[in-house]
Amino acid sequence: MNNNPVRKSTGNRLTAVMQVRNEADRFLEDVLKDLSEFVDEIVIVDDASTDDTVKLCRTFPKVKKLVVLQESRFQREWELREYLWRLACSSEPDWLLSVDADEFYEDKAKTHMRELINQDLYDWVGFRFFDFWGGSTHYRDDTHWGIHRRHTRTLVRYMPDYYYYNPPMDHHVPRLPLSYSALPGFLAELRVKHFGWAVSKEERYRKYLHYMERDPKGEWGSLEHYHSILDVNPTLVAWKEEY
């Protein structure tokens, strides 16, 4: 008789997983502080950073695993995602939360996080992500910037004997194995603030050049979306906290 069921309804631990590269002077410190308040441990793969990213990560006690790659795999993004996934699963966690170094879960989401994982009805959770633009007060909402209108799967139950598949893509790789889509999931009306675009006009332009260099033909993403980064008058909506 199996006394350790895969789908536990109580006592589940939450492991945040993250890949980073040269994030020391951006949002990483605040993200790690925020995560440390509501997750049990953090697993990080550093993609050959050349700044103080690794040093910063080591200052947080909840960072239980930190692997520093000596050679960047940035141009082979799917390999990086696969490496992080295997590292996170090596200790047989209960639930995994995939977080980028510029994402913050709203307080309401953090409050309900334990309810989301301490159940045996579904194996993944999708949240609504909002792309903040030029600062921390407004998010973008127009033709090419509507990720908040759908759900993004970032929280998953670890299933030891399940088949995990990551597509071999160089860019815009799904953050978690696609095979989770075959399992029962829950679409939560809880929000995540993405600050990757909450930066200066100059930095957004550098990101545009980066996309065009890596994907000049729009093989992995939409060229129209890339070009929209340069829009002079994007539609912005004021963010309102929910409690």
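# Reading the features of this structure

Tutor: Start with one residue. Asp-231 has 38% relative accessibility and counts as partly exposed.

Student: What do buried, exposed and partly exposed mean?

Tutor: Buried means under 20% relative accessible area, exposed means over 50%, and partly exposed lies in between (1.4 Å probe, protein chains only). Two cautions before we go on. This is a predicted model, where local features need pLDDT of at least 70 and side-chain atom pairs count only at pLDDT 80 or more, while totals for chains, interfaces and linings use all residues. Residues are numbered from 1 along each chain as its sequence is written, and side-chain values use heavy atoms, with hydrogens and water left out.

Student: Which residue meets Asp-231 in a salt bridge?

Tutor: First the rule. A salt bridge puts a side-chain nitrogen of Lys or Arg within 4 Å of a carboxyl oxygen of Asp or Glu. Here the partner of Asp-231 is Arg-140, at 2.6 Å from N to O. The two sit 91 residues apart, so to speak in distant parts of the chain: Arg-140 is in strand 7 (residues 138-140), and Asp-231 is in the loop between helix 6 (223-228) and strand 10 (236-238). Helices (H or I, at least four residues) and strands (E, at least two) are DSSP runs, numbered from the N terminus. Arg-140 is buried, at 1% relative accessible area.

Student: How many salt bridges does the structure hold?

Tutor: It holds 22. Take Arg-7 and Asp-123, whose side chains meet at 2.6 Å, N to O. This pair also links distant parts of the chain, 116 residues apart. Arg-7 lies in the segment before strand 1 (14-20), and Asp-123 in the loop between helix 4 (107-117) and strand 6 (124-131). Arg-7 is partly exposed at 33% relative accessibility. Asp-123 is buried at 0%.

Student: What is the distance between Asp-40 and Arg-114?

Tutor: Their closest N and O atoms are 3.1 Å apart, and they form a salt bridge. Asp-40 is in the loop between helix 1 (28-36) and strand 2 (41-46), while Arg-114 is in helix 4, 74 residues apart. Asp-40 is partly exposed at 21%, and Arg-114 is partly exposed at 30%.

Student: Which residues is Leu-35 in contact with?

Tutor: Contact means heavy atoms within 4.5 Å. Leave aside neighbours within four places in sequence, and Leu-35 is in contact with Ala-16, Met-18, Ile-42, Leu-97 and Val-99.

Student: Which residues form a nonpolar patch on the surface?

Tutor: Patches are made of residues with over 30% relative accessible area and no salt bridge; like charges are joined within 9 Å, nonpolar side chains (Val, Leu, Ile, Met, Phe, Trp, Tyr) within 5 Å. Accessible areas come from the Shrake-Rupley method with a 1.4 Å probe, and for residues only the protein chains shown count as cover. Here Tyr-163, Tyr-165 and Leu-178 form such a patch, with about 320 Å² of accessible area together. Tyr-163 is in the loop between strand 8 (152-157) and strand 9 (185-194). Tyr-163 is exposed, at 59% relative accessible area.

Student: How many disulfides are there?

Tutor: A disulfide is a covalent bond between the sulfur atoms of two cysteines. The rule used is a pair of cysteine sulfur atoms within 2.5 Å. By this rule the count is zero.

Student: Is Glu-106 buried or exposed?

Tutor: Glu-106 is buried, at 0% relative accessibility. Its place is in the loop between strand 5 (103-105) and helix 4. Beyond residues up to four places away in sequence, Glu-106 touches Leu-190, Arg-191, Trp-239, Glu-241 and Glu-242.
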